[in-house]
Amino acid sequence: MEILRAENVKKYYMMGENIVKALDGVSLNVERGEFVSIVGSSGSGKSTLLHILGGLDVATEGKVEISNIDISKMSSDELTIFRRRKIGFVFQNYNLVPLMNVYENIVLPIQLDGIKPDEMFISEIIRLLGLEEKMYAMPNQLSGGQQQRVALARALATKPAIILADEPTGNLDSKTSQDVLGLIKMTSKKFCQTVVMITHNDEIAQMSDRIIRIEDGKIYGDNMV
Ligand SMILES: Nc1ncnc2c1ncn2[C@@H]1O[C@H](COP(=O)(O)OP(=O)(O)O)[C@@H](O)[C@H]1O
Ligand SMILES: [Mg+2]
């Protein structure tokens with residue numbers, strides 16, 4: 001089952017007289033349960049692509065569908081709701097709410113939607129990610145790896161169609177990066193959770209199922225690992 005489809009996505013920026021082609025015709029499909037890495041050098045267009053796939057930014061041209069729903073033409077209000085229900089985000093800097101404890105951070109997107117959390121599922125995620133002892137800790141009492149595990153738990157909690165992760169291990173040492181990647185991979189397999197992750201680290205990318213290479217805003221490689 002196809003979860004994500006991008007068709008000829010372009011993102012151009014006018015910089016004075018010049019056009020910066022951050023994305024220049026990107027097309028890709030991702031199936032349910034796939035764990036995909038997007039790699040490329042700095043400035044190649046990775047973050048721009050992820051932001052457009054996740055409805056955080058709009059393309060100059062082209063189409064993005066998630067679970068067969070075209071998000072390219074949604075209003076910003078529609079996108080806000082769609083993102084909260086269908087997309088889980090994981091960022092390099094974790095983006096936890098500092099005044100909420102671990103549990104509150106994890107269920108926040110569910111509560112913003114006015115839904116009661118599926119407590120059985122939340123408990124399972126917390127256990128799988130080794131956060132039982134930290135349920136009532138505040139983010140500033142956690143290590144980077146622990147904070148990223150909370151961010152992953154929060155992303156999984158809504159059972160989104162897709163998780164989009166931008167350099168999730170970018171602030172972590174190599175051992176912790178391997179651990180967090182292992183957890184992303186394990187939860188992706190266990191819940192058949194689709195994940196698209198940006199990294200500039202080839203070793204980290206090798207832990208995914210498929211590596212898409214992007215350079216100068218274009219895809220120039222797409223291979224199963
Ligand atoms: N808001 C913006 N205005 C102008 N240029 C931008 C903007 N955002 C990104 N770019 C340019 O688009 C290109 C791709 O950027 P980005 O997607 O952030 O790359 P990456 O995440 O691969 O490092 C770069 O040349 C960058 O300078
Ligand atoms: Mg980037």
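Trainee: In which sense do β1 and β4 pair, and over how many bridges?

Mentor: Strand β1 (residues 2-15) and strand β4 (residues 61-66) are antiparallel partners, joined over five bridges. Two strands pair if DSSP finds at least two bridges between them. Strands (E, at least two residues) and helices (H or I, at least four residues) are DSSP runs, numbered from the N terminus. Keep in mind that this is a predicted model: local features need pLDDT of at least 70 and side-chain atom pairs count only at pLDDT 80 or more, while totals for chains, interfaces and linings use all residues. Residues are numbered from 1 along each chain as its sequence is written, chains are lettered from A and ligands numbered from 1 in the order in which they are written, and side-chain values use heavy atoms, with hydrogens and water left out.

Trainee: How many bridges does β1 make with β2?

Mentor: Eleven, antiparallel again. In that pair, Lys10 faces Asp24 of β2. At the other end, β4 and β5 (residues 69-70) pair antiparallel over two bridges, where Glu65 is opposite Asp70.

Trainee: Which residue takes a positive phi in the β4 and β5 hairpin?

Mentor: Ser67, with a phi near 50°; the hairpin has two residues between its strands.

Trainee: Switching topic: how many strands form the other open sheet, and in what order?

Mentor: Six, as β6-β7-β8-β3-β9-β10, with mixed pairing. Its edge strands are β6 (87-91) and β10 (218-224), each of which pairs on one side only. Ignoring direction, neighbouring strands of this sheet are turned by 15° against each other on average.

Trainee: How do β6 and β7 run?

Mentor: Parallel, with five bridges joining β6 to β7 (residues 162-166). Val90 is opposite Ala165 of β7.

Trainee: And in which sense do β9 and β10 pair?

Mentor: Antiparallel, over six bridges. One of the bridge pairs is Arg210 with Met224 of β10. The two strands make a hairpin with two residues between them, and Asp216 in the turn has a positive phi of about 50°.

Trainee: What does α1 lie across?

Mentor: Helix α1 (residues 46-53) lies across β3 (35-39), β6, β7, β8 (194-198) and β9 (210-215), at about 155° to β7. Angles run from 0 to 180 degrees between N-to-C directions, and axes are lines fitted to C-alpha atoms, for helices over the stretch in contact. Contact means heavy atoms within 4.5 Å. Helix α6 (residues 174-190) also packs on this sheet, touching β3 and β8, and its direction makes about 140° with that of β3.

Trainee: Helices next. At what angle do α3 and α5 pack?

Mentor: About 30°, with the axes of α3 (residues 102-112) and α5 (residues 144-157) 8 Å apart. That makes α3 roughly parallel to α5. The cut-offs are under 35 degrees for roughly parallel, over 145 for roughly antiparallel, 65 to 115 for roughly perpendicular, and oblique for the rest.

Trainee: Which residues meet there?

Mentor: From α3, Val102, Asn105, Ile106, Pro109 and Ile110; from α5, Val150, Ala153, Arg154 and Ala157. The residues of that contact divide into seven nonpolar, one polar and one charged. Here Ala, Val, Leu, Ile, Met, Phe, Trp, Tyr, Cys and Pro count as nonpolar, Asp, Glu, Lys and Arg as charged, and the others, Gly among them, as polar.

Trainee: How far apart are the axes of α3 and α4?

Mentor: 12 Å, with α3 and α4 (residues 119-128) at about 135°. They are therefore oblique to each other. In that contact, Tyr103, Ile106, Val107 and Ile110 of α3 meet Glu119, Ile122 and Ile126 of α4.

Trainee: Last one: where is Asp209?

Mentor: In the loop between α7 (202-205) and β9. Leaving out residues up to four places away in sequence, Asp209 touches Gly33, Glu34, Phe35, Lys189, Asn223, Met224 and Val225.
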